[in-house]
Amino acid sequence: MKEVILSCENLSKTFSNGGVQQHVLKNVGLELYRGDFTVIMGASGAGKSTLLYALSGMDTPTLGAIKFGDEVISDYSQDKLAVFRREHCGFVFQQIYLIDGMSVLDNVLSAGLLVNKDKKAVVSRAKELFAAVDISEETQKKFPSQISGGEAQRVGIVRALINSPEILFADEPTGALNSKTGLDVLDTLTKFNEQGQSVVMVTHDMRSARRGNRILYLKDGVILGECNLGKYSHGDTERHQKLTAFLKDMGW
Amino acid sequence: MRKAKGQTVAIVVLILLAAMLLNLWLMLSMDYKANFDRYHDKLNAEHVTLAVDDADGIVYDFLSQTLPDDTEVKEYCLDSCMLMNCTFPYNGGTMNTDVAFMDKQTALSRTIGKSEIVEDSDLTSGIYLPMLYKSADCSVGKTIEISIGSHPVTYTICGFFNSTMLGSHNCALMQTILTADKYAELENLNYAPQATLCSVRLNDISNNLNYRATLKSTVSEHFPNIRMAGCCYDVVVQARYISQMICSGIISTMAFIVLLIALVVIISNIINYIQVNVKNLGAFKATGYTSRQLVCSLLLQFLGLTVIAAIVGFALSYAIFPAINTMMIAQTGIPYKVHFLPLPALISLLILGGAVALSAWLSARRIKKIEPIVALRSGVQTHNFKRNRVPLEKTKAPLNIALALKITLSGVKHNITVCITMLVLSLVVVFSGLMTENIIVDMTPFLNLIVGETADSAINVQTEIEDDFLDKLNSDSRAEKAYLYNSLNVSHVGGVELMATLCDDFSKVNNQSVVFKGRFPKYDNEIAIAAKYAKEKGFAIGNEIEIAANGKTEKYLISGFTQITNNLGRDCLLTRQGYERLGTLQSVTYYINLVEGTDIDAFNEEMKGKFSDSVNGVINVLATIEGVGNVYVSLMTIIVIAILVLSAIIIAFVLYLLVRTLLNNKKRDYGILKSLGFTTKQLILQTALSFMPAIILSTVVGIIVSCLVINPLMSLFLSSLGIVKCTFNIPVVFAAIAGIALILLSFGIACLLSLKIKRIAPRELLTGE
């Protein structure tokens with residue numbers, strides 16, 4: 001039986017735009033399991049990113065409850081959510097969002113030192129992760145504007161993992177990258193998942209979605225269906241066929 | 001500008017404050033003093049006035065024969081009056097001066113120097129006082145006790161009058177008007193001897209100071225040892241407008257400080273605007289707009305704001321001016337009607353507009369360097385040579401402080417703005433401390449400059465009983481110290497009349513700083529002379545000058561330079577023996593320091609009682625000083641409070657602009673940090689702390705440097721009064737406390753202004769809202 005690390009019940013999110021109510025999520029209920037690479041798919045405007053932000057504590061739901069272990073994080077204040085995020089979550093953004101005024105290393109250390117005051121330990125962990133994603137020491141000294149998109153996203157992944165989060169949330173991590181660098185990033189995420197890191201990724205890209213072992217399909221704010229692809233292996237054509245069939249059933 | 005409403009408002013407020021202060025300053029300096037001349041002309045007032053004892057009318061006859069032939073005299077007027085040294089209550093203390101009592105009809109009908117009743121009543125028997133004295137305690141219908149010589153007399157106040165030359169207590173001679181019955185009564189009482197009041201208008205007003213000396217000399221040559229008192233235009237203007245001069249100087253300084261800060265903020269704002277909007281500017285340029293058009297557009301925006309802010313500032317200055325006017329009338333005694341003055345407004349607008357245009361143009365010129373294609377790429381260059389300041393791997397500072405320092409070191413413009421602001425405000429704060437410590441808390445240093453010498457009691461006695469008087473003082477345990485301190489007039493041969501102060505032993509005087517260079521005269525052939533006069537004449541210490549009095553001339557060596565504001569810097573110090581080479585003293589004044597807690601008035605009465613008619617006059621010097629000083633204390637208290645409040649407002653607005661700019665520029669970064677788990681409190685702390693290094697450094701340096709330069713600056717400020725070297729007590733404790741308060745206030749304001757970070761939600765950042 002897989003361990004549930006995060007769950008939500010009756011999760012709803014409504015936006016008000018010039019007096020018009022927009023119901024983006026409608027009574028969503030799901031559980032996220034430790035060690036899974038969960039992929040949330042859907043058409044544009046389905047509510048994928050909204051669901052991701054709500055689950056990760058970046059945004060507060062309009063209705064419903066989000067539980068992390070025994071804690072109901074949907075009732076937390078903004079500052080408490082910030083503490084929750086820093087201790088339990090990691091984020092990889094589509095736009096990468098590294099801070100321009102800091103070096104690559106400092107971007108990672110600023111996240112690490114926020115949780116762990118032991119600088120030596122944080123630096124050691126950072127160096128280890130940089131090595132794992134093939135970011136050289138020279139690149140670590142550069143500024144985000146001086147490195148390539150692929151390198152920057154890999155730095156983003158290091159920053160997300162510096163505090164060994166329970167879950168790594170990734171919002172279209174390859175969206176702003178070309179095909180080859182996108183592949184590198186997916187390989188990196190897959191590698192960490194294989195080492196036990198729980199990943200939740202939002203994507204509308206088939207190639208990215210194939211990396212997940214669990215696919216959730218979201219349509220009009222509701223989880224329409226779920227598909228289990230099993231453990232990822234490169235060149236697994238059956239996996240691709242299974243996914244394609246599932247998405248076709250979902251109306252993709 | 002519309003998008004950054006808050007910042008626009010802050011800039012407008014700063015320009016508005018600068019406009020208000022500039023206009024106030026120009027109104028005070030261009031019209032307020034000119035008001036004296038308007039009244040002077042309106043009342044056909046004299047340039048020189050002299051009251052001379054004249055029981056037999058011989059002085060009247062002499063002047064009637066002499067003045068018509070005097071080529072310097074344009075017109076003159078001689079009237080009867082009674083002259084006596086009087087003491088009366090003033091502003092919580094007492095005042096002592098020579099008073100010319102005039103009959104009401106005579107005073108109001110003089111051809112030269114007539115008086116003008118400004119407040120009258122139905123009362124037909126009593127006294128009219130100069131309007132300077134009008135207060136809650138001194139008003140129509142109330143009574144006032146005046147000591148005429150040593151005789152207290154009570155009068156009912158019938159009203160108040162205005163006299164430009166004789167309407168103040170600090171001009172050597174003051175006039176009061178008695179109703180006919182009270183005038184006759186005083187004549188019968190014989191408390192004040194009959195005198196002749198001579199008022200002269202000259203062909204050349206600039207010669208008034210010299211003519212006063214000439215006229216006095218002429219009279220004393222024909223009537224040796226005759227008692228007289230008088231003043232002249234220059235001395236009266238200076239004496240009556242000290243508060244205007246001080247106020248005007250302070251307001252002008254604050255105006256330029258606020259303007260400087262406003263300009264620094266505008267420059268910072270424009271440079272930031274260009275950086276943030278480089279893409280838009282690039283797009284404009286790509287579509288064909290020239291740099292000149294873009295620069296002009298920015299210039300017009302700021303000039304438009306300046307005009308609007310200036311108009312509001314001028315209106316505010318007119319709203320505040322009546323209050324300032326009320327404060328200053330208490331010292332000048334000349335009524336002033338606040339009215340619209342176009343010239344100060346125009347000059348203020350030109351100064352503001354010119355300064356804003358220049359600073360806006362200088363900072364907007366960098367638009368010229370924007371290349372459209374580079375700008376459209378948001379200024380991405382091939383090479384980036386940024387340094388990674390405060391590297392987190394190496395720094396020992398805690399994370400929040402390290403991140404705050406990163407912000408500090410990346411914002412050079414902000415640091416410069418903060419430094420300039422805090423440096424000038426430190427000077428302002430130290431000045432406030434100086435005023436507080438040297439005027440409000442303990443007036444002695446200020447009075448030492450303005451008045452010269454202070455003591456508890458001053459007693460003038462006939463020289464015949466001097467020895468007995470000194471024996472009595474020496475045996476009186478209440479008298480701590482007594483020394484001769486006698487003032488009379490002498491002339492510098494080839495120069496002007498000087499007020500000479502005689503002393504038997506200058507080591508006994510309380511104010512040892514009156515001679516700031518060289519030393520006090522010790523021998524009978526030595527003289528210390530006013531530094532301002534010495535500079536005019538090119539004298540140096542050791543030079544020999546000729547002094548004349550009583551028809552005799554003697555030479556003296558200059559032993560030192562003095563600085564006292566009395567007599568427009570035309571004074572000197574002589575030893576008693578030094579004066580006695582020129583003449584004999586008929587009466588002597590002794591300054592006496594009494595034991596703490598002694599009743600000064602009781603002591604004076606006792607002395608008067610013991611030596612009766614041989615005592616010409618007694619003065620409670622302390623009470624007199626309190627009366628004069630209270631005017632300055634009230635004025636300075638209001639000025640200090642206004643300065644401190646203005647400083648707090650300036651800090652608030654400058655920080656508002658800087659924090660808002662920072663938050664706008666760093667909104668993305670704050671969103672990222674929040675998404676990583678930084679709390680709002682941590683980010684507020686980082687933001688506020690990022691300003692602190694510049695604030696702390698510039699405040700500390702500013703306070704230290706200000707403490708070192710404040711006395712020289714004050715000397716410059718008071719140089720027109722004859723002051724060359726200020727030795728005010730430096731308010732070290734006040735400055736230290738004020739510096740800490742400035743730093744804490746800045747930190748508090750920065751934290752408050754950073755609360756906007758609360759509204760930055762990471763979600764908005766990620767969805768691009």
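Helix α3 (residues 104-115) of chain A is largely enclosed by the rest of the structure, because eleven of its twelve residues are buried. This is a predicted model, and the points below follow that helix and then turn to strands of chain A and to a sheet of chain B.

**Helix α3 of chain A**
- The buried residues of α3(A) are V104(A), L105(A), D106(A), N107(A), V108(A), L109(A), S110(A), A111(A), G112(A), L113(A) and L114(A).
- The cover over these buried residues includes α2 (78-88), α4 (119-132), α5 (137-141) and α6 (149-161) of chain A, and it also includes α13 (399-410) and α21 (667-676) of chain B.

- Five of the five residues of strand β7 (residues 167-171) of chain A are buried, and the strand is mostly covered.
- In a regular strand, side chains alternate between the two faces of the sheet.
- From β7(A), I167(A), F169(A) and D171(A) point one way while L168(A) and A170(A) point the other way, and all are buried.
- Strand β6 (residues 89-92) of chain A pairs with β7(A) in the parallel sense over four bridges, and C89(A) stands opposite I167(A) in β7(A).
- Strand β8 (residues 198-202) of chain A is joined to β7(A) by five bridges and runs parallel to it, with V200(A) in β8(A) as the bridge partner of F169(A).
- Helix α7 (residues 179-194) of chain A, taken together with β7(A) and β8(A), makes a right-handed β-α-β unit.

**The antiparallel sheet of chain A**
- Four strands of chain A form an open sheet in the order β2-β1-β4-β5, and their pairing is antiparallel.
- At the edges are β2 (20-33) and β5 (71-72) of chain A, each of which pairs on one side only.
- Strand β1 (residues 4-17) of chain A and strand β4 (residues 63-68) of chain A run antiparallel and are joined by five bridges; S12(A) stands opposite L63(A) in β4(A).

**The antiparallel sheet of chain B**
- Chain B has an open sheet of four strands in the order β12-β20-β11-β21, with antiparallel pairing.
- Its edge strands are β12 (479-484) and β21 (615-620) of chain B, each pairing on one side only, and the twist from one strand to the next averages 20 degrees.
- β12(B) and strand β20 (residues 587-594) of chain B run antiparallel and are joined by five bridges, and A482(B) has I592(B) in β20(B) as its bridge partner.
- Helix α20 (residues 621-665) of chain B packs on this sheet, where it touches β11 (457-462) and β21 of chain B, and its direction makes about 50 degrees with that of β21(B).

Key. Residues are numbered from 1 along each chain as its sequence is written. Chains are lettered from A and ligands numbered from 1 in the order in which they are written. This is a predicted model: local features need pLDDT of at least 70, side-chain atom pairs count only at pLDDT 80 or more; totals for chains, interfaces and linings use all residues. A residue is buried if 20 or more other C-beta atoms lie within 10 Å of its own, exposed if 12 or fewer, and partly exposed in between; C-beta atoms are placed from the backbone. Helices (H or I, at least four residues) and strands (E, at least two) are DSSP runs, numbered from the N terminus. Two residues are in contact if their C-beta atoms, placed from the backbone, lie within 7 Å. Two strands pair if DSSP finds at least two bridges between them. A crossover is right-handed if, with the strands pointing away from the viewer, the path from the first strand over the helix to the second runs clockwise. Axes are lines fitted to C-alpha atoms, for helices over the stretch in contact, and angles run from 0 to 180 degrees between N-to-C directions.
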